[in-house]
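Trainee: I have a new structure to read. Can you take me through its features one at a time?
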Amino acid sequence: MPIMVLPAPDIAVIPLQQHIGAPCEPIVAVGDRVKMGQMIGQASQFICASVHASVSGQVIAIEPRSLANGNKVPCVVIKNDGRDEMALGTKHTDLKKLSASDIRQAVKDAGIVGMGGAGFPTHVKLTPPKPVDTILINGAECEPYLTCDHRLMVERAPEMVQGLLAIMKAVGAEKGIIGIEANKPDAIAEVQKVIAEYSNLSVASLQVRYPQGAEKQLIKAILGREVPSGGLPADVGCVVSNVHTAIAVYEALMKGKSSYERVVTVSGGAVVDPRNVLVRVGTPIEDLFEFCGGFLGQPEVVICGGPMTGWEIKDLSGPVVKNMSGVLALTREEAAFDENHPCIRCGRCVDSCPMGLTPNLLGEYSDKGMYSEAEQLHLKDCIECGLCSYVCPAKRALVTWIKKGKAGLAAEKAKGKVS
Amino acid sequence: MQNKTGPFLRNPLTIDRIMADVRIALTPAIVAGVIFFGWPALKVLLLSTLSAILTEALLLRAPLTPKGIFGDGSAAVTGLLVGLILPPTTAWWVPVLGSVLAIALFKLAFGGLGHNIFNPALGARAVLLLAFTSQMVRFRAPFEAVTAATPLLSTRSFSWPLVWGNVGGSIGETSVIAVLLGAAYLLYRGHINWRNPVGYVGSAFVLALLWGQDPWYAITAGGLLFAAVFMSTDMVTSPVTPLGQLIFGIGCGVLTMVIRRFTSLPEGVTFAILTMNALSPAIEALTIPRIFGLRISQETLKRGIAVTTAAVVVCAALFVVLDRSKPDAVPVFSLGEYLPIGELLGTDDYEVVDENGVRYFLVRDAEGNPAQTAFVAEQGGFNGPIRLLISLDAEHRINSVSVLDHSEDPGLGELATRPEFLAQFAGLDKGSEFALGKDIQGVTGATISSRALVSGVQRALEQFDRTFFPQEEAGAYADGTYHAQVDSFGGPLELEVVVSGGKIAAVNVLKHSDTPGISDPAYANVPQRIVTANSPQVEAVSGATVSSTSIMKAVQKALDQASGDTSAVTVEERTGYAIAVGDGVYRASAEGFGGELVLDVTVEGGKISAIEVVSNSETPFIASQAFDKLIPAIIEAQGPVDVVSGASYTSKAILEAVEKAVSGAEPALVEPEEQQVYEIAVEDGVHRGKAEGFGGELVLDVTVEGGRISAIEVVSNSETPFIANQAFNKLIPAIIEAQGPVDVVSGATFTSRAVLAAVEQAVSGEAAGTEESEDVFVIDVPDGVYRGSGQGRNGVVTLDVTVEGGRITAIAVVESQETPDIGGKALEQLIPAVVEAQGPVDAVSGATLTSKAFDEAVRDALTTKEGQ
């Protein structure tokens, strides 16, 4: 599905928090005119990413607006004037002339966050606490339906590779490896063509399996290194970046373009014409579905992200944000299931858990509020890939309970109940 | 409202689908079972499956739709499994009960699917196995062709029929091919993984190899493979952790092999898996998988493996220890049935005797003589010890051989434990040829077990004889015919003994003067027994002990000439007792082996004429030897004799007591009496006498001829059969012989007394007047028809009694509400009876009330009413 461009929205609702960490401070006022790419919210802390206008026009409100997940967060609401006036930053031409700190600063100014879904501020990632020798680009895109990274690799491989080189430079890594699942041969071919001239770059063709794109599993698969329990990729000398993030880094450095648009996969059995669309941040999600022909009847559920780890979209008028890789409308046939039969102890969850956990017990303990028991079985090591719930023949909501357990455990710790 | 969270996709696999897959995987085994065992197998499977489904539907109050009743399909799987591990020939209620137990007790009572600790099908099987063992081991050979395969199988080695499955066994377990097809499907569908079954089969294979068994046989025979694929892999009751599954499988294999080899439990697989089910949570906790990014410490891993290994070893040891420490006297296992010893012996009235380190069970006859002796013997069978209960009759011939427990293979060695084979032992004794093909025919396919049983029985018999009847070697007697004469009860006894081939070939009694009738059994049996035993020491015929002993003595005397040797009971010249007392009976006691021994010594004419044991606490058998041999010897010798070897304490006590009695230390207990003789006060003819016996009235006819009682006939009695017969058979000839009262027969004292009283009454002439006192109605009314009534069961019974010539000529029922079939019929029977008897008749059984009313009405009519 080639990437198509979605027309800019009439009104862009840009949340001041589209990332993990603290929200940023608005630096515009109602009535101000803003240009496309202009910073409108500034990072107030280190783990925070600034936000930028995705359209040119007038700020008509700064107020809490409902996001796709139903939560209300402060947003800058801009009335599009349709002129798409650009506010560009510094355009660099030669990567070699840039220092690591130049790159980090440019990335920070552009407000780049991990675009695979987590939304972790990229400039933080580029400041690893330990020496890093290898940068991995996560081109596994292992979740069903999602194809945006795949398309980006096919269509914009050179930009991604430039982005990778910049990231390597920023963290001082010598090697770069792009991991791509073997079921995307066109992407592998494209990327291989581009990296032919770089001896320190390589492509790793990965076995097709879920969750190959989970950070720890990707590192293990490509480098054979195992991130210690509770540790970071930097602990084993690497940093993992998303395909789209690498391209955003390239654009920030070479085009002076901040992070205000992204490619989103619009798919699912309930979508008439699934597409990959390049869309401005702040566009209402319903516009995406409309662009793709609308729904075939009433979808059972509309979700943000992949079907395995994504979450339900409660409000279709909510805005697209920087880490939104896909929106899926699933039919009853695809997503309907009755939940929670008794566990028959088949052990499929244990067999399938990529983290080697015992999800049957974690789920049971978490659901029953036995958080410390769950913690002893390494509750916190769960990466919430959802595989246990997927394979469960009893259709138990294992990962839902585990998420609840993690929250419960954190709450108890905060209260000092659990030492 | 909470947001839905991922994953939004689910694997299409559901519990229902898994259960359907398991049923598909079971299909080859079902088909094989039905092919090999036919309609009975299909019936068992249908019953078990339907019962399981219905039990679950009822207990869960499922909606009454096909889907609702069928549920998730797990009950159907459990039901099929219950049926597949049953023998095809089991009774119809076994699969039904099994499925009800599996679903209700082993599944739903624990909280339903997923919560049960034990495999429901195996749990049910364990209960059935222990409660209805015979139903569970009733195996059958498939088709007819199995005989061709058994010789191979009996060598306990692998053969191809085991793979195809045309061997005896439980319905689903016999065909390796079918089970492997099911396993392949389950593996393909991902419902089982290799760890559990490979651990199970692999460990069994390795152990068989280590123990020198045929490993291929070990894993293909019996239910091991079926269990490894369908039972130990039961998701609910086995660990979810990968290492745990492997350990679980290995534990099952080890326990199965240990149970099969070292215990007598009839079943290895069931108990092995149930034990591992119980260990499953512990195994799981100890084998939590390695978590990504965490190095598992070698110590943790080692501890997990060590603890689980220890647990398995402890369980295995427990099985062996518990099995070995089974108390002997409790209900025991025989042919798959737990039977009390009493049932095997045919009576619950047996004594348990521990003697010379051997425990045996003794049944006495009414006189207290040993009638049946049974003891447990053990012989190594094919798989382990076979324990037998051997029961001997009074002649030490085998009554019966029962297998108490064994671990022979069903359908193979087990064939030799069946009644058809064991029945061959009946009637054999230690002189028989215990060899297959001679007195005993072996069972095809169970040659080794047959041989073990035969040699076990033979060894046990020899052992028994050595222990309780130490005898001199039957010296090779010189061939020839030897005469001997001894004094017996009634006078001299003369016989000849024919020795041929060094053995006693015949004992011919030439002359004797013992009481006919009483001594007859002795002369009829003892010579034969002596020939059979090739020994003069045989068991005396009870009731004719003196004659028996005399015959033996005479034979001994004859044989002494034949061997020129001494024997155990040599009658030597010795100093006789100095009889310091006058005629009379003297009682004396001495300390025997088991306690006080009391004797009555009768002195007549300055000689000991009889010695009677009054009471003793000696060990039966041993003591009776001493009594039987020593007492006649003492009487003959009139002095001390050699003790009976093997019973020296008792012998010494007897000698001591006799000496005491005749020494004059004790006063005479009974002065000698003139033999009492009845005064016959009646003339020749038949005289009736009556007396009250134990159970009611006893009526005798005594025939008097020439002033002597010539015959006594029992007319009617209500005495206890057997016991009373004894009294009749012994007492009556004795009375005739004595022409006077004789001692009562012990054990039948009341009857004896009644007989004596009745005889006395008959010959005294007192009986005549009492006759017919109550037997007729007193008719003191003129001829006519008289109406009378009595209270019946349902109301008043009114009769018209016609009296003609002072006799009742007719009775008509005027009114009766008695139940036609009972009371009505009774009246029809009573009327002719009363008319004939002219007196009251016995009540019609089952209609006592009506009979009574009838009697009452007749009397009423004859006494109080006016004629009509």
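Mentor: Start with where the chains meet, and keep in mind that this is a predicted model. The contact draws 40 residues from chain B and 56 residues from chain A.

Trainee: How much area do chain B and chain A bury between them?

Mentor: About 3,900 Å² is buried between chain B and chain A. Carbon and sulfur atoms carry 58% of that area.

Trainee: Which residues in chain B lose the most area to chain A?

Mentor: Look at B:F8, B:R10 and B:F292. Together they account for 24% of what the chain B side buries.

Trainee: What about charged pairs?

Mentor: The general idea comes first. Side chains of opposite charge can pair when their charged atoms come close. Between chain B and chain A, the count is three salt bridges. B:R290 forms a salt bridge with A:E226, and the closest N and O atoms are 2.9 Å apart.

Trainee: How many salt bridges does a search of the whole structure find?

Mentor: Over all chains, the search finds 37. Among them is a pair inside chain A: A:R151 with A:E155, the closest N and O atoms being 2.9 Å apart.

Trainee: Why are A:R151 and A:E155 separated by about one helical turn?

Mentor: Because they sit four residues apart in helix α3 (residues 148–171) of chain A.

Trainee: Now helix packing. How do I read it?

Mentor: Ask for the angle, the distance between axes, and the residues that touch. Take helix α14 (residues 242–262) and helix α16 (residues 298–324), both of chain B. They pack at an angle of about 20°, with axes 10 Å apart. So α14(B) is roughly parallel to α16(B), as angles under 35 degrees count that way. Their crossing is right-handed.

Trainee: Which residues make the contact of α14(B) with α16(B)?

Mentor: From α14(B), they include B:L243, B:I247, B:V254 and B:F262. From α16(B), they include B:L301, B:I305, B:F319 and B:R324. The residues of this contact divide into 14 nonpolar, two polar and two charged.

Trainee: At what angle do the axes of α14(B) and α15(B) cross?

Mentor: At roughly 145°, and the axes come within 8 Å. Helix α15 of chain B spans residues 269–286. The crossing of α14(B) and α15(B) is right-handed. Among the residues that meet are B:G244, B:F248 and B:R260 in α14(B), and B:V269, B:M276 and B:I283 in α15(B). The tally for α14(B) with α15(B) is eleven nonpolar, six polar and one charged.

Trainee: What should I look for in the backbone?

Mentor: Look for exceptions. Most residues other than glycine have a negative phi, and most peptide bonds are trans.

Trainee: Which residue of chain A has a positive phi although it is not a glycine?

Mentor: A:R345, with phi of about 55°. A:R345 is found in the loop between α8 (332–335) and α9 (348–352) of chain A.

Trainee: And the peptide bond from A:Y210 to A:P211: cis or trans?

Mentor: The bond is cis, with omega near -5°. A:P211 lies in the loop between β11 (201–206) and α5 (215–223) of chain A.

Notes:
Residues are numbered from 1 along each chain as its sequence is written. Chains are lettered from A and ligands numbered from 1 in the order in which they are written. This is a predicted model: local features need pLDDT of at least 70, side-chain atom pairs count only at pLDDT 80 or more; totals for chains, interfaces and linings use all residues. Side-chain values use heavy atoms; hydrogens and water are left out. Axes are lines fitted to C-alpha atoms, for helices over the stretch in contact, and angles run from 0 to 180 degrees between N-to-C directions. Helices (H or I, at least four residues) and strands (E, at least two) are DSSP runs, numbered from the N terminus. Angles under 35 degrees count as roughly parallel, over 145 as roughly antiparallel, 65 to 115 as roughly perpendicular and the rest as oblique. A crossing is left-handed if the near helix is turned anticlockwise from the far one by less than a right angle, and right-handed if clockwise. Contact means heavy atoms within 4.5 Å. Ala, Val, Leu, Ile, Met, Phe, Trp, Tyr, Cys and Pro count as nonpolar, Asp, Glu, Lys and Arg as charged, and the others, Gly among them, as polar. Buried area is the accessible area (1.4 Å probe) that two parts lose on being put together, summed over both. A salt bridge is a side-chain nitrogen of Lys or Arg within 4 Å of a carboxyl oxygen of Asp or Glu.
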